[in-house]
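The following paragraphs lead the reader through a protein structure, one local feature at a time. Please keep the sequence and the structure in view while reading.

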Protein chains: 2
Amino acid sequence: LAHYKYYNNKDLLEPIEKYVSLIRKVFGPGPDQRHGYPGHPEIELALLRLYRATGNQDAYHLAKYFLEERGNPTGQEGMYYFDWEMIKLRGESPYKRPDHYPRSFSRWYGQSHQPILEQETCEGHSVRCMYLLVAAADMVALSHENSQKLDNAAQWQGAIVRLWDNMVDKKMYLTGGIGAMAQWEGFGIDYFLPAGTDEGGCYAETCASVGIMMLAERLLTIDLDSRYADIMELCLYNNVMTAMSLNGRAFTYVNQLASSEKDKSLRSDWFEVSCCPPNLIRVFGTLGGYLWHFGGSKGDAYVNVHLYTNATVTFDVDGKKVSLEQKSNWPWDGQVAFRLSGAQDVDLTIRLRIPAWAKNKYTLSPPSQAAVIKNGYLVLSQDYVAANPAFSLTVHGFEPRYLSPHPHTNQNTLTLARGPIVYCVEDADNAWETNHFKNIMIRKDSQVSEERCILESAGEPYVALQSVCWERLMDQWHSKTAGVEPGVDSFANATGTERKLTFIPYYLRANRGGKGHMRVGLQRA
Amino acid sequence: LAHYKYYNNKDLLEPIEKYVSLIRKVFGPGPDQRHGYPGHPEIELALLRLYRATGNQDAYHLAKYFLEERGNPTGQEGMYYFDWEMIKLRGESPYKRPDHYPRSFSRWYGQSHQPILEQETCEGHSVRCMYLLVAAADMVALSHENSQKLDNAAQWQGAIVRLWDNMVDKKMYLTGGIGAMAQWEGFGIDYFLPAGTDEGGCYAETCASVGIMMLAERLLTIDLDSRYADIMELCLYNNVMTAMSLNGRAFTYVNQLASSEKDKSLRSDWFEVSCCPPNLIRVFGTLGGYLWHFGGSKGDAYVNVHLYTNATVTFDVDGKKVSLEQKSNWPWDGQVAFRLSGAQDVDLTIRLRIPAWAKNKYTLSPPSQAAVIKNGYLVLSQDYVAANPAFSLTVHGFEPRYLSPHPHTNQNTLTLARGPIVYCVEDADNAWETNHFKNIMIRKDSQVSEERCILESAGEPYVALQSVCWERLMDQWHSKTAGVEPGVDSFANATGTERKLTFIPYYLRANRGGKGHMRVGLQRA
């Protein structure tokens, strides 16, 4: 991600720079300029990437203007820019508006309801919100790097982190999906996280979680903290990977946590607005950029390893080629073997992410008394690295564990996870199910066993989980005369016969036929 | 309700009849007529009342046309009437629409998405839906009475009952409120019944429950079944009565089941669209009409008693004045003393509602072997009535009971009720509460004690309930580092110290000051 060599092609670059210069002439703070910003934030991050690659000043200052001006309530003739455009420029009724605005003046749809620095919660279209914050994080990173110093970089970083925390703690599904509301493809109120359409929502757009990954990748460069990498990994293995079928031919936009008769667990061949399929391909094509950050010079070179897989990174430290290779069976097992080459005399520090679910438990081999975990990264000192060009890390905590969403979501459910993988149940394994597992209950104290499987059609290895479940008996409801009363005399949940229940990784759903019944969170018995 | 003597005033009637005649000229099936119907159903029930009072044929046929034509997908030039009005008549963009349409062409907002006879679920604006069904029920009643015979009366009755059942079983709050969605003041999807604003909705408009009472009153004339009267009573004592303060000076439109910081438990002095306050006054002014139905002639006269209170009805049976008086301390106690006069030689049958929560338990004094419950009404035969001009009924089941909403609402809650009264908790009695009772848990097996109280400012007697509660400890959530993961490792609900909890009738809420914290359904511990 740090290399943009193709930008050195002048024939390609010139028209882009002319275009940027034109846009900067039209939009800006001057009296004859439009005090506007884009409806769908995206150009900001592209402009900052252009600046980073070429040093184009127009690109930087235009992006900065868009970020700073956004949400100014009196920006254009004393009005919000988009209100001014609608009323003054297009002469439209303020009550004429697109389908994704629930009401007139839903400025929060595009995060332009107030200046970004003042926003306390993630609102509106979730992809736009992520792309906007990615650009804001880029601007902070450029300030940290002294490339373009901001007076208020700390304030910008504070706003981004505040919105990150709101998103993760109050507006994110256990699968890393965000956005409960289909109408505006975006965030609902805090803790409004229904599992599916028949509960009132669950959009969890693929592109939105791609946006989270992009944002996490930026945040890791300005504040190395495993919480960003943890969420990046959660999104990758769950809400993002579930969006493509194993044969690579079918996709999802929406990644619900429970199917219903109206919205079965299926993928589609194509979409009218086909943003998610190519976005997914782009992520897979640039995955290497999410694995690690590296750099520095002799004396303080570093590799910060965020994700574990099979990969090698080779980079230049003051003219010396350094390579770090990692080999693992991640995400199924926690052992990762590292091999370093070319790092003699480089003074390299290696930082290895210890995910939150590992609860600080790991084994380093050869061991090191000096190695400590700092902000979720195990720091291998220059001395350790120099002495051990081959070493291995075993991350613990791959036992299946039960997760629960926040109680204020009103989701009284248990979800199985193992390492970074979130599990679901499907009728493909549990053919007896007829109601989308809506009345299937599980218990936290049931034994869970693992089975190493291979999904034959794709040669895809995975770990299935087995446990037991019970049906919530609805007799008291089914025997009720229709139309008599809205509730019933309260009763204890009655559970039917014990049944075996097989769980598979959420990302593998809808690859093996079946009726399209699927659920991530099951009722607590 | 059966008397409309003021319609005999010709000076008043003539302009009304002229107006109806004009409307009937404009709207109808003819080639030069508009094939339309009102956006807010209401004139239909007024027209049928006019017909019932005066026999005006225009009124009947216009109402019938409006009911039958509504929702015709090809009614006007091959279009839905309102689509035609918008596009052809007003030349508006189909994407220009009012704030209460979530998307373009949300025809269900006004129940015109399909013909009424084909509708399977209650949709859209809940008051409109109720007023529409009231008119449909009036049309069926007129057919039953052979006043205006319908070929398909059974089909109409079937549609009304189907929608009633959908409403009560899947779209009604425990308080008799309907309509979860503020945006369109109406119904959400089945089982979408959040308790308050911070859970995603709860409109439960006062007028909508008034509409349910009106519909129940009609249905009791065409199909005497206690389920309609039970819901009528539930609405009256809870969602309707809660809408006015005890001093008669403050009102609510929205009757949420749980307060939040955004929407505290309060009433307002007035509203911009002030439909609810006068509607409430109208209900109180015509309350006598909901208590009982009576009529017939010598040999088969009847009084069907739906609601119990202190009241006397006097009516004419073939020139003879018959009076039935009831005296009770309802809704606090189940004993009702009846005294009949003038019924000698009339052959009167009296039917007394036994509410569903009484579970068929009652005491009749003097007793009768012959008295049986039919469709929820205890039938006192002509012989019994003739022999006992004074008798009393004691309805059992006034012990406090716990109610639960349907599990698919995701409301894992317990609500206390006693007789027809649904209870809530308020900070006025439980001043320790600071978070709208969101984390307060109760248990079904806790003892509940009663206290007879008087609300001093209004001299209003009521029964308070006392039990115990526990706080759901949120330590695992509060101690979580921000922004790390969307869920936590699942844990059993930890409960804090046991505390006393006082419950008061929901309709009495917000009469005694306090912070405006209130909740009807409390989490199950």
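**A guided reading of the model**

At 35% relative accessibility, Arg52(A) counts as partly exposed, where buried means under 20% relative accessible area, exposed over 50%, and partly exposed in between (1.4 Å probe, protein chains only). The model is predicted, so local features need pLDDT of at least 70 and side-chain atom pairs count only at pLDDT 80 or more, while totals for chains, interfaces and linings use all residues. Residues are numbered from 1 along each chain as its sequence is written, chains are lettered from A and ligands numbered from 1 in the order in which they are written, and side-chain values use heavy atoms, with hydrogens and water left out.

Arg52(A) belongs to helix 2 (residues 43-54) of chain A; helices (H or I, at least four residues) and strands (E, at least two) are DSSP runs, numbered from the N terminus. The side chain of Arg52(A) is in polar contact with that of Glu145(A), at 2.9 Å. A polar contact is a pair of N or O atoms within 3.5 Å; within protein, one must be able to donate a hydrogen and the other to accept it, and residues adjacent in sequence count only if both atoms are side-chain atoms. Between the C-alpha atoms of Arg52(A) and Asp138(A), which are 86 residues apart along the chain, the separation is 9.4 Å.

In chain B, the side chains of Arg52(B) and Glu145(B) form a salt bridge (2.9 Å, N to O), a term for a side-chain nitrogen of Lys or Arg within 4 Å of a carboxyl oxygen of Asp or Glu. This pair links distant parts of the chain, 93 residues apart: Arg52(B) lies in helix 2 (residues 43-54) of chain B, and Glu145(B) in the loop between helix 5 (126-144) and helix 6 (153-170) of chain B. Arg52(B) is partly exposed, with a relative accessible area of 34%, and Glu145(B) also counts as partly exposed, at 45%. Over all chains, the structure holds 51 salt bridges. Another one joins the side chains of Arg227(A) and Asp225(A) (4.0 Å, N to O). Here Arg227(A) counts as buried because its relative accessibility is 10%, and Asp225(A) counts as buried at 17%.

The next topic is the aromatic rings. Rings of Phe, Tyr and Trp (its six-membered ring) pair if their centres lie within 6.5 Å; planes under 30 degrees apart count as stacked, over 60 as edge-to-face and the rest as tilted. By this rule there are 41 aromatic pairs over all chains. One of them is the tilted pair of Trp330(A) and Trp357(A), with 6.0 Å centre to centre and 35 degrees between the planes. Trp330(A) lies in the loop between strand 4 (320-328) and strand 5 (335-341) of chain A, and Trp357(A) in the loop between strand 6 (348-353) and strand 7 (362-365) of chain A, so the pair ties together parts that are 27 residues apart in sequence. Both residues, Trp330(A) and Trp357(A), are buried. Trp330(A) also pairs edge-to-face with Phe398(A), at 5.2 Å centre to centre and 85 degrees between the planes. Phe398(A), in the loop between strand 10 (390-395) and strand 11 (401-404) of chain A, is 68 residues apart from Trp330(A). Trp330(A), Trp357(A) and Phe398(A) are among the members of one aromatic cluster, which also includes Tyr308(A) and Tyr384(A).

A further part of chain A to consider is strand 13 (residues 421-426), in which 6 of 6 residues are buried. Ile421(A), Tyr423(A) and Val425(A) are buried on one side, and Val422(A), Cys424(A) and Glu426(A) on the other. Strand 13 of chain A pairs with strand 12 (residues 413-418) of chain A in the antiparallel sense over 2 bridges; two strands pair if DSSP finds at least two bridges between them. The bridge partner of Arg418(A) in strand 13 of chain A is Ile421(A). Strand 13 of chain A also pairs in the antiparallel sense with strand 18 (residues 495-505) of chain A over 3 bridges, where Tyr423(A) stands opposite Pro505(A). With strand 19 (residues 518-519) of chain A, strand 13 of chain A has antiparallel pairing over 2 bridges, and Val425(A) stands opposite Arg519(A).
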